Each structure stands twice: as C-alpha cells, then as structure tokens.
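The sequence and structure are shown first.

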Amino acid sequence: MPALLFDLDGTLLHSDALHYEIFAEIFLERGRTLTMDQYFDQIHGRRNVDFLPEFFPDVDAERLGREKEDRFRARLSGDVPAMPGAAALIDRALAGGWGLAVVTNAPRANAEHMLQAIGLRDAFDVLIIGEDCTRAKPDPEPYIAAMEALSARPDACLAFEDSPSGTRAARASGAYTVGILSSAGHDALSAAGAHETLIDFTDPRLEQILAFRHRKADT
C-alpha cells in the first residue's frame with residue numbers, strides 16, 4: 001500500500017506566522033530586526049541549533065532555541081485547525097490501511113504539542129524527529145527513517161512539504177514529493193525538487209496524484 005509522509009509546520013497546520021512573530025521578538029530583544037523575507041530565506045525549515053549561531057555567534061544556541069520553543073507552545077494553545085483537507089486525507093489513509101508518518105525538524109515537544117492541537121496525534125504511530133537522526137533535513141535521512149519504520153518502498157511513498165529544505169530532503173529520499181503552498185511559492189518548491197505543488201489538501205489535483213501513487217504501490 002502507499003505511504004503518506006507529512007512534514008508538520010506549515011504542512012499539517014499554518015504555523016509560520018507564529019514562528020516568525022516569536023523569532024522577530026527574540027531578535028528585537030537582542031538589538032536586531034528580522035524581516036519576513038529573512039525568516040523564509042534563512043530560517044524556515046531549519047533546526048534552531050543550525051541557524052541561530054549564524055545570527056548570534058556568542059549566544060548559547062540550544063538555550064535560546066529552547067526559550068523560543070517554550071514561547072511557541074505557550075501561544076499555540078486550544079484547538080487549532082489543521083491544514084484544509086488534511087484530516088480527511090488522513091482518515092482516508094487510515095481506512096485504506098496506508099502507511100502514515102510525520103517527518104519534522106521541529107523539537108519533539110513541539111511536534112507532540114502541534115499534533116495534539118490539531119487533533120491528529122492518534123493518527124500517527126511513526127513520528128520522526130530531525131534532532132533524533134544523525135542528520136536532519138535537508139538531508140534525506142529523516143525521510144529514509146520513516147520509510148524504514150513503515151517498511152515502505154521509496155517509489156510507493158508520497159511526501160508533503162512546504163519548505164525548500166524539506167522538499168530537498170523528501171526528493172532525495174526517493175519519495176514522490178508534493179509541495180504545499182502555505183509559505184514558499186511554486187517556483188521555489190519546484191526548484192527544490194517538488195514533483196507537484198498544491199494549494200492545500202483540498203486541491204483537486206491531489207486525487208490524480210493519489211491514484212498514480214496507489215498504482216505504483218501495487219506494481
């Protein structure tokens with residue numbers, strides 16, 4: 001059966017605006033400004049410990065990263081809507097016995113918190129965290145780990161991503177890679193390796209992609 005592999009931030013829920021808001025606060029508190037363009041070009045999709053030293057070389061990146069994620073979880077509270085169409089797609093996958101995994105560079109505490117907030121935590125037995133791997137996205141290792149956990153062939157896997165770095169990781173793993181246009185545009189995700197891009201999971205083109213992947217899984 002096919003396997004669906006989902007990024008989390010910006011793919012299963014709209015979270016980039018909140019991430020940017022908190023990063024902008026942290027930058028301002030340290031005498032710097034952060035534009036939205038900088039956030040998407042230099043931060044989006046990367047681990048805190050990988051990019052914070054580029055901006056604050058004299059600061060403990062792990063401590064500052066924890067502070068930022070504490071603020072994020074405190075503000076992401078209550079019921080949060082999933083990306084349009086995501087819950088229906090996941091219900092369909094569960095009913096069909098398809099493999100399901102979340103593959104994210106978010107810290108584990110954030111990933112658990114976000115999945116609970118959108119009501120989808122129980123749908124995923126496989127949750128691959130970038131910081132638990134030897135190499136996080138944009139390396140394909142997290143996606144390969146998800147495939148191994150699901151016993152799924154790469155050519156039967158469909159990966160959904162919203163960032164160029166995550167898209168590069170998914171494409172390099174051998175998964176058929178679909179960009180979700182919640183933050184980056186079609187051109188950026190296509191340049192990063194996306195085979196297709198969709199507005200969200202209600203996009204009519206998703207049906208054609210799913211049908212094709214299902215046929216590939218049967219061969």
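## Strand S3 and its pairing

All four residues Val126, Leu127, Ile128 and Ile129 of strand S3 are buried, with Val126 and Ile128 pointing one way and Leu127 and Ile129 the other. Buried here means under 20% relative accessible area, against over 50% for exposed and in between for partly exposed (1.4 Å probe, protein chains only). Strands (E, at least two residues) and helices (H or I, at least four) are DSSP runs numbered from the N terminus.

S3 pairs with S2 in the parallel sense over four bridges; pairing requires that DSSP finds at least two bridges between two strands. Within this pairing, Ala101 has Val126 of S3 as its bridge partner. From S2 the chain passes through helix H6 (residues 108-117) to S3, forming a right-handed β-α-β crossover. Right-handed means that, with the strands pointing away from the viewer, the path from the first strand over the helix to the second runs clockwise.

## Basis of the model

The model is predicted: local features need pLDDT of at least 70 and side-chain atom pairs count only at pLDDT 80 or more, whereas totals for chains, interfaces and linings use all residues. Residues are numbered from 1 along each chain as its sequence is written, and side-chain values use heavy atoms, with hydrogens and water left out.

Asp7 is located in the loop between strand S1 (3-6) and helix H1 (16-29). Asp7 is buried, at a relative accessible area of 6%. Beyond residues up to four places away in sequence, Asp7 touches, among others, Leu12, Val103, Thr104, Tyr143 and Phe160; contact means heavy atoms within 4.5 Å. The side chains of Asp7 and Lys137 are joined by a polar contact of 3.0 Å. A polar contact is a pair of N or O atoms within 3.5 Å; within protein, one must be able to donate a hydrogen and the other to accept it, and residues adjacent in sequence count only if both atoms are side-chain atoms.

Asn110 belongs to helix H6 and is buried, with a relative accessible area of 0%. Its contacts, leaving aside neighbours within four places in sequence, are His19, Glu69, Phe72 and Arg73. With Arg73, the side chain of Asn110 makes a polar contact of 2.5 Å.

## Helix H7

In helix H7 (residues 141-150), the buried residues are Glu141, Pro142, Tyr143, Ala146 and Met147. Their cover includes S1, strand S2 (99-104), strand S3 (126-129), strand S4 (157-161) and helix H8 (164-172). Ser151 follows H7 and has a positive phi, near 55°.

## Aromatic pairs

The whole structure holds ten aromatic pairs. Rings of Phe, Tyr and Trp (its six-membered ring) pair if their centres lie within 6.5 Å; planes under 30 degrees apart count as stacked, over 60 as edge-to-face and the rest as tilted. Phe6 and Phe160 are stacked, at 5.1 Å centre to centre with 20° between the planes. This pair links strand S1 with strand S4, its members being 154 residues apart, and both Phe6 and Phe160 are buried.

Phe27 and Phe56 form an edge-to-face pair, at 4.9 Å centre to centre with 70° between the planes. Phe27 lies in helix H1 and Phe56 in the loop between helix H3 (48-55) and helix H4 (61-75), 29 residues apart; both Phe27 and Phe56 are buried. Arg32 lies over the face of Phe56, at 5.9 Å from the ring centre, where the criterion is NZ of Lys or CZ of Arg within 6 Å of the ring centre and within 35 degrees of the ring normal.
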